Amino acid sequence: MTILCVRFQLPPMYEAALPGLLGLLAEFTPVVEALPPDGALADLRGAERYFGRGAADLAAMIRVRALALYGIDCAIGAGPSPLLARMALKDAQPGAIRAVPEGPDAVAEFLADRPVGALPGVGTATARTLREYGLATLGRVAAAPLSTLQRLVGAKAGRELYEKANGIDRGRVVPNAVSSSLVAERPFPLDELDPDRHRRALLSAADELGARLRALEKVCRTLTLTVRYADLPRSRTGSTGGTPIATTRSRTLKEPTAHSPALTRTAYGMYEALGLQRARVRVLVLRAEGLTPAEQASYQLTFDPVDDKVRRIEEVADRARAKFGPRAVLPGTLAS
């Protein structure tokens, strides 16, 4: 077992702790891939030799340190590959470590009885097609001829499905930096049903992110929206209460930007795409990712006088905020 998949049990309004928790993982290995809003992958191949301990022992040390330093528990899946570590995490209870034994036979036994939809990358339509042909479990998919799978789901997808069902994972942990992102959280005092209040919260978060990006002279390439809902009954991971169920969506911007109206439009688009109907929302989290220096970004030229006017007003508002405080200038919707 060389790969850990960690999901931190972050309470609402505490997602900003993720960079610090990733720093904790980096004390064990430099190969850490952030999985916002609350998770990470860590490759421990070098750490096992350095510390003289197995992945399960290192996972226990990580959990103890997260509790001691941040008061945050975590669930951890361990396996010989990122794919198996992710799948093991689905079985891990909060505060527990679920490990996939090494060896071809142990991996095959771990995968055999799982539904085909449990495999990362297999969507609803693909799972339905496979079930129609009697391939309802990963064990049956692994035993099926490669040519049959390729006829059902396509040549490339069929080969990937065949390999993953047999425990073959060509993926790797790609180090990244969640610290190269900015987060704006908008909690509600009570679980909120009103879509208009959801939109006002998104407007406020996008306006804050835009102002912070411009102050840092940065632009972002990607915007991620996380919607945390009210507590629901026991989930498939076994958790109850304390940690709301969440939905996360990301969207790559047409061009890198720190322009608040562009960020707001993107946030609204992701929110509308969720199709929430009377959802009890506890907190909305907006993250600007893929930050780069503004001077290095390229922009599409525009001859729209309205856009130029809005950007000039934005510059004046930024100067007013810098002098009189962040609430010196607000969008009219938020002023009330």
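**Entry 1. Terms and overview**

I begin with a term: an axis is a line fitted to C-alpha atoms, for a helix over the stretch in contact, and the angle between two axes runs from 0 to 180 degrees between N-to-C directions. I note that the model before me is predicted. I looked up the overall make-up and found 13 helices and 10 strands in the protein. The protein has 336 residues, and 45% of them count as buried. I then turned to contacts between residues at least 6 apart in sequence, of which 68% join residues at least 24 apart.

**Entry 2. Helix 6 and helix 8**

Two packed helices are described by the angle between their axes and the distance between the axes. I applied this description to two pairs, starting with helix 6. Helix 6, residues 124-132, packs against helix 8, residues 146-153, at an angle of about 130 degrees, and their axes are 10 Å apart. Helix 6 is therefore oblique to helix 8. I recorded the crossing of helix 6 past helix 8 as right-handed. Which residues make the contact? I found Thr126, Thr129 and Leu130 on helix 6, and Leu149, Leu152 and Val153 on helix 8. Sorted by class, the contact of helix 6 with helix 8 holds 4 nonpolar residues, 2 polar ones and no charged ones.

**Entry 3. Helix 8 and helix 9**

I followed helix 8 to its contact with helix 9, residues 155-165. The axes of helix 8 and helix 9 come within 7 Å and cross at roughly 130 degrees. Helix 8 is therefore oblique to helix 9. Here, too, I recorded a right-handed crossing, with helix 8 passing helix 9. From helix 8, the contact uses Leu146, Leu149, Gln150 and Val153; from helix 9, it uses Ala155, Ala157, Gly158, Arg159, Leu161 and Tyr162. I noted 7 nonpolar, 2 polar and 1 charged among the residues of the contact of helix 8 with helix 9. Leu149 and Val153 of helix 8 are listed in the contact with helix 6 and also in the contact with helix 9.

I next traced an open sheet of 5 strands, whose order is 2-3-1-4-5 and whose pairing is mixed. Which strands stand at the edges? They are strand 2 (32-35) and strand 5 (97-99); each has a single partner strand, so one side of each is left without a neighbour in the sheet. On average, neighbouring strands of this sheet are turned by 15 degrees against each other, direction ignored.

I examined strand 2 in detail. Val32 and Ala34 point one way from strand 2, Glu33 and Leu35 point the other way, and all are buried. Strand 2 and strand 3 run antiparallel and are joined by 4 bridges. One of the pairings I looked up is that of leucine 35, whose bridge partner in strand 3 is glycine 39. A hairpin of 3 residues leads from strand 2 to strand 3.

I then moved to strand 1, residues 3-8, and strand 4, residues 74-79, which run antiparallel and are joined by 6 bridges. Valine 6 has isoleucine 76 of strand 4 as its bridge partner. Helix 4, residues 82-91, packs on the sheet and touches strand 1, strand 2, strand 3, strand 4 and strand 5. The direction of helix 4 makes about 140 degrees with that of strand 4. I also found helix 3, residues 55-70, lying across strand 1, strand 4 and strand 5, and running at about 25 degrees to strand 1.

I looked up leucine 138, which lies in helix 7, residues 138-143. Is leucine 138 buried or exposed? Its relative accessible area is 0%, so leucine 138 is buried. Beyond its neighbours within four places in sequence, leucine 138 is in contact with Met87, Leu111, Ala112, Arg114, Pro115, Val116, Leu119 and Ala165. Leucine 138 and alanine 165 are 27 residues apart in sequence, while their C-alpha atoms are 5.4 Å apart.

Arginine 287 belongs to strand 9, residues 281-289. Arginine 287 has a relative accessible area of 2% and is therefore buried, as the cut-off is under 20%. Between the C-alpha atoms of arginine 287 and cysteine 220 I noted 9.5 Å, the two residues being 67 apart along the chain.

Finally, I checked glutamate 217, placed in the loop between helix 10 (195-216) and strand 7 (218-229). Glutamate 217 is exposed, with a relative accessible area of 56%. Phi of glutamate 217 is near 60 degrees, which is a positive value in a residue other than glycine.

Methods: Residues numbered from 1 in each chain as written. Predicted model: local features only at pLDDT ≥ 70, side-chain atom pairs only at ≥ 80, totals over all residues. Heavy atoms only, no water. Parallel < 35°, antiparallel > 145°, perpendicular 65-115°, else oblique. Left-handed = near helix turned anticlockwise from the far one by under 90°. Contact = heavy atoms within 4.5 Å. Nonpolar A, V, L, I, M, F, W, Y, C, P; charged D, E, K, R; others polar. Pairing = 2+ DSSP bridges. Buried < 20%, exposed > 50% of the residue type's maximum accessible area, 1.4 Å probe, protein only.
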